[in-house]
Amino acid sequence: MRQRLVRSCSLSVILQWGFLAAVAVLMTGCGHGFDKGYASFISAPTGTVRVSQTLQLSTQTMTTGSPMSFWVNGVLGGNATVGTIDSKGLYTAPAIVPTPSNTVTITSLATNFPGDTPGSVTVNVLNPIPIITTVMPSSFSEGMSTITINGSQFIYGAQIIWNGVAVPTTYVSGTELAASIAAPNPGTYPLLVSNPDPGPANSATISELVGPGKVILAVVPNAGTSVRVTNSLKIGLTVTGTNNTAVTWSINGIAGGNALIGTIVANADGSVTYTAPAVVPTPSNIVQLTAVSADDPTVSISQNIAVMNPIPILTSAAPMTFNVGPSTVVLTGSNFINGAQVLLNGAPVFTTFNSGTQLTASISPTDPGNLDLQVLNPSPGPATSTDLIAEVNGTPPMLLVSPEDASRFLAEATFGATDGDIHHLSKIGYTAWLGEQFNMPATLHEPVVEQSLVLNNPPCNAGDLKCNTALFVQNAEQENYLQQTFWQQAMTGDDQLRQRVEYALTELFVISSTNPAVANMPRGMANYYDLLGADEFGNFRQLLEDVTLNPMMGQFLSMLGNDKGDANRDPDENYAREVMQLLTIGLYQLNPDGTQKLDPTGQPIPTYSNNDVQGLAKVFTGFSWNVPGDSSNNAWSNCCEYVGTGFGEDLLQMQNYPGHHSTAEKDFLGVTIPTQANPDPVGDLKIALDTLFNHPNLPPFFCKQMIQHLVTSNPSPAYVGRVAAVFEDNGAGVRGDMKAVIQAILLDPEARDSATASNNPQYGKVREALVRYTEWARAFTAQSRNGAFHLGSTEDPIFALGEMSLRSPSVFNWFAPGYVPPGTSLEKAGLLAPEMEMTDVSTVVGYLNYMQSAIGADAVNGPDVFSNYSAEIGLAATPDLLLDRINLLLMAGEMDATLRSQILAAVNSIAIPAGDQNAINAALANRVKMAIYLTMAAPSYSAQF
Amino acid sequence: MKTMNRHELSRRQFLRTASLASMAGMSASPFLLELNSLAAMAQQGTPTDYKALVCVFLSGGNDGHGTVIATDTPSFSAFTTARSGAPGLAYNQTDLLPIVLKTPQSGRTFALNPALVGVQNLFNSGRAAIVANTGTLIAPTTKAQLQARSVPLPASLYSHFDQSAAWQAIMANGGSAVHTGWGGAMADLISSMNTNSAFTCISTSGVALFLSGETSFQLNVTSAGPIPISGLAKPLFGQQAGSNALSSILTAEETNLFAKEYEVIINRSTAAQATLSTSMLTAGPGGVANPPQYLNPMTNKLANNNFATSLQTVARIIGGRSGLGVSRQIFYVTLGGFDTHDNQAPQIARLLTQLGQGLEYFDATLTSLGVNNQVTTFTASDFGRTLTANSDGTDHGWGSHHIVTGGAVAGGDMYGQYPVIGSNQANDTGAGRLIPTTSVEQYAGTLARWFGLSDGQIKEVFPNFANFGSNPYLGLMG
């Protein structure tokens, strides 16, 4: 329609464009009154306009004398979204490209010709042309650099084009873009910004200078920084700032190394492979690898590597049967080191080192029955062989505890049962075992972390505060050393009760390196962990005070540096709230048996109000970093004034700063501390902690959660009540005796009655995935291939275990004590299932696959921690005996007949070939791995009951 | 439309069990399946459109006062005074990002936190709105009523755990007695709109109370996508008999309830894995574009925006929806670290930068997938924070301001009343802890209606909804 009308007037239109002044003379061809559509006809000089730009439309007004009305997308005069148009036909595009279509339709009508056919043009609104004003930095050295470009008219999706190639670009704002640029060679490079469709538009091109670089070397020890003798370790290296990435390597200053300190060879990908010597070097087992840049020989970097003893392999013993009383046994195997000890049911005996393949031990078994033999190689990298099961003649004595009950107890009280521990506990009984454990020295984490930090970083002079700060208290990069010692002690520490309870306490008194301030201090975190271990066999009051004043907790719950209030500032309430809600008394008033008190309307009764929080918050003011002898404002606010090897603010309890402590009246939990003339932070803290410690909620609140962590998710009120009563009074008038509480939890009839428990489908709990993993490691004496337990964090939900110690996402731990999974039989039965909160469709798969990988690993392949399974391989030709052992170690004998037959079918499907010994060994090992994995995959193992 | 009663719920649960059984390789009666589809048609009709809600939970309690800031002179002056105790929290007005409301609030002007460039862009292009001073309420509450205790209040105000739960679960009396969330409750009601309700509720970050239903269950999907159980996908330790045994063991009858429910989750995982892995779009070229890094203001270095990666995971599922048999989906994504008692200024700049860039990336991604009008994204958080600062941050509050984005949002505007800023104001319970003037249920109910719930269903999910007037809905969704 419009096309035809335009055609009929085409002559005049064309001439109008060419000869505007003469238009009136030439219009006669369209006659008076004009053709339909003529008077309202409009046209545009171009079909596109950029945002906020203008476009003058042509009209027939000069010919017709008629004013015009315009609509944009049907809106008279347009609007900010589609653009505006004035009465003269000047269209102004909107500031942002309209969506969903960037095409706008402008229609027009000559006002004097109301019946006329409207005119119409379509215009595409395009993104603006970007403008670069500055680039920071204006030049940089060869290598990788982050640049930020400032300017204007940048649109979301804008790309930085470097040297003709678009690079991944971060849109910061309409005036700022950023990108990482790789410029391996010096030179001058073109740089521009390109806005996206519609209407892609490039900025002017500017030149960026890339200068010759300063060479920077960085070691990437992805596989760890330790290696056992004769084994190899691959170490990555990044070389930046130069196009010449060649380096030369030396070990302890000797190019390429030698047979005593190990050798090094370069790989095609720029990494090197270090192969450790056959014997641990002396006098130090630490060797130093050094890379020197070929481009700039003044630039070098070093990495210390710890060379560890091998893992002993025990293959046979003679004799394998003994009588009660003194005997001599000769153990044969490989990788024995001078200083190796033979372990008899887990305990060391007098051992003579004959050779790397033979030891002689003097033993004196006291009881007929099985005898568990192992070999422990000494430090560095202590490692225990898997077991060999010998026999002592005679009728086994009556055990104080059956092996099944012992295994079940150890699943609650340790990171997992071992053959040796089952023997020992069965023989001496629960109470004696607890007594031993209570008196066993703690294996500490803090000295290990400190030593690892010192060994694996360039040395710091004692007086070099900046260096020591970077090493100890601003070092979020090296948390892996904390994780290594956690795994090592959880799996191999003798103080298993302490380790396991300590772990439970980290889930109640949570700190986490997901907090960046905490993450900076891996040594401080290790110290916090050790603090829990030290106090868990003391008194709860001391534990509470030590936790409160620890600077890691101080950072995590921000009591550290909490300043008194004034007119425009209130004290920080964080610690005040959480110490009540999570650490001591909880939200609701409890009866002594842990059930909630209810008001007359049946509602729970809050333990405290927000006023109590605000009152208590004032108590927790005026504590900060402890710089001995310095209580200046500088010490108050700066973390890093006092730090070095063996000491530091990260390790010391926070000190008080009276000038920062509130003197206002403090009301909380029915206690009033009156307004003070002189601030008394220490006195106020004592009142507050005493009040919490003596609160009637504390015993049931704390004890129920400890039971949930160790024994069962739904203890009966009577069980909680019995333990809480011990908390209140250990029998000698002492409140808060932790040893008494732990003993009461583990020895309560409700914990120990295995027959009742296994017949009650509501009893028990989900085993934490992390603990299931340590149970595997302990049951089968898994060892670290490189000696450092290089596992890292296992928190990934789909590729690992979905949790990790000291890595909880918040102060609320990985799971809440009151969690109830909705829509389940547990909910219908009114049961809590805390660990189900971290059990989801990802983590169940993560666990299964992580275990398959762990169980399938061997001395050469797979994750760093693996087992040789020698005792199990010895049973693999008799699958029933193999399953008996696995059932005892992992399931305390609770494996049901169906599960057993399913596992047996899979094990028996692996035929043992004849002839080739390697093939026979592989088949036997495969049977063992199959049996263990299927046991640990069983849902009935994931529950502990 | 009639609302569903409890009896019907259990009947539907039975039906779903039957269809799960069929996925697990057992045969289900065709009669049951037919009944199921008949029930679905009777319940909701068969929708041909697609809609998704994405809950962005800002864990720890976001500082609403510093997120959407009133910049008129009296308000900003009061804000500056209240924040004077903590360096960096009293922003320079020139650094703030102004926003102009389509519906002005008398005498007030507003701006966003300097880090929220992405949200400002979305707001200006009409695809983002602000919902002011929203929080947990049982009934409209004035300060006088609060002081006189004359209205019921949510339990355990200011507590992370309980207020997160109250936001996500809508429990009339707070506490942890309710185990289902409103996302899950909505899913229970609309599950018949999906032919495969296994994919209705998806969390990118662990078990979410928000997505917990009585009959609907959540899937947890990481950016790695659905990973199969290796021992089932390939012969276990080289033995098919091993995989067969594993399959039997993972479906065996368990008596202990903890073992039984653990097994249910494994089976839910295996049932969903194959479908999801073939349907979900890939990340990066050929699939859903990777999110750009963000410029971390704490380090001035580019860093990965894991929050945006979670949104990418959501987009990859939405983009693959045709293979999932869904027309309604509810997602849960978190961004954590908002409990800024100390060191707030740099932390909040880092977090809000991630938030703004993530939301802008998600908007662009959904636009390229052609579904931006069908997906609505909204923020939630434990609570707001105090207006008055402590020496380095802010403490737990109550009401807060929230952000809603998407093509279906009546954007460029603010809904609900922005509070008067200053000490001891009408909505101030002390230190600028705001008594909410819009309840979570109004906010959520408005989103629920857009999502397709009837008024009756909304009242079923949100038990206090009717307490908020004859028309509790906000104009947010047009």
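Author: Two residues are in contact if their C-beta atoms, placed from the backbone, lie within 7 Å of each other. The model discussed here is predicted.

Reader: Which elements of chain A are among those that cover the buried residues of α21(A)?

Author: Helix α21 of chain A comprises residues 717–728. Its buried residues are A:Tyr719, A:Val720, A:Val723, A:Ala724, A:Val726 and A:Phe727. The elements of chain A that cover these buried residues include α20 (698–710), α22 (738–747) and α23 (749–752).

Reader: How far does α21(A) reach from its first C-alpha to its last?

Author: Helix α21(A) has 12 residues. At 1.5 Å a residue, a span of 16 Å is expected, and the helix comes close to that value. From its first C-alpha to its last, α21(A) reaches 16 Å.

Reader: Which residue of β16(A) is the bridge partner of A:Thr148?

Author: Strand β12(A), residues 143–152, pairs with strand β16(A), residues 176–183, in the antiparallel sense over 8 bridges. A:Thr148 has its bridge partner in β16(A), and that partner is A:Ala178.

Reader: How many residues stand between β15(A) and β16(A) in their hairpin?

Author: Strand β15(A), residues 169–173, runs antiparallel to β16(A), and 4 bridges join them. Within this pairing, A:Thr170 stands opposite A:Ala178. In the hairpin that β15(A) and β16(A) form, the number of residues between them is 2.

Reader: What is the radius of gyration of chain A, and is the chain more spread out or less spread out than a compact globule?

Author: Chain A contains 32 helices and 49 strands. Its radius of gyration is 38 Å, whereas the globule rule gives 30 Å for 945 residues. The value is well over that of the rule, so chain A, compared with a compact globule, is more spread out.

Reader: What percentage of the residues of chain A count as buried?

Author: A residue counts as buried if 20 or more other C-beta atoms lie within 10 Å of its own. Among the 945 residues of chain A, the share that counts as buried is 52%.

Reader: How many residues of the side of chain A that touches chain B are nonpolar?

Author: In the contact between the two chains, 85 residues of chain A meet 82 residues of chain B. The side of chain A that touches chain B has 10 charged residues and 32 polar ones, and its nonpolar residues number 43.

Key
Residues are numbered from 1 along each chain as its sequence is written. Chains are lettered from A and ligands numbered from 1 in the order in which they are written. This is a predicted model: local features need pLDDT of at least 70, side-chain atom pairs count only at pLDDT 80 or more; totals for chains, interfaces and linings use all residues. Ala, Val, Leu, Ile, Met, Phe, Trp, Tyr, Cys and Pro count as nonpolar, Asp, Glu, Lys and Arg as charged, and the others, Gly among them, as polar. Two strands pair if DSSP finds at least two bridges between them. The expected span of a helix is 1.5 Å times one less than its number of residues. A residue is buried if 20 or more other C-beta atoms lie within 10 Å of its own, exposed if 12 or fewer, and partly exposed in between; C-beta atoms are placed from the backbone. The radius of gyration is taken over C-alpha atoms; the globule rule is 2.2 Å times the number of residues to the power 0.38.
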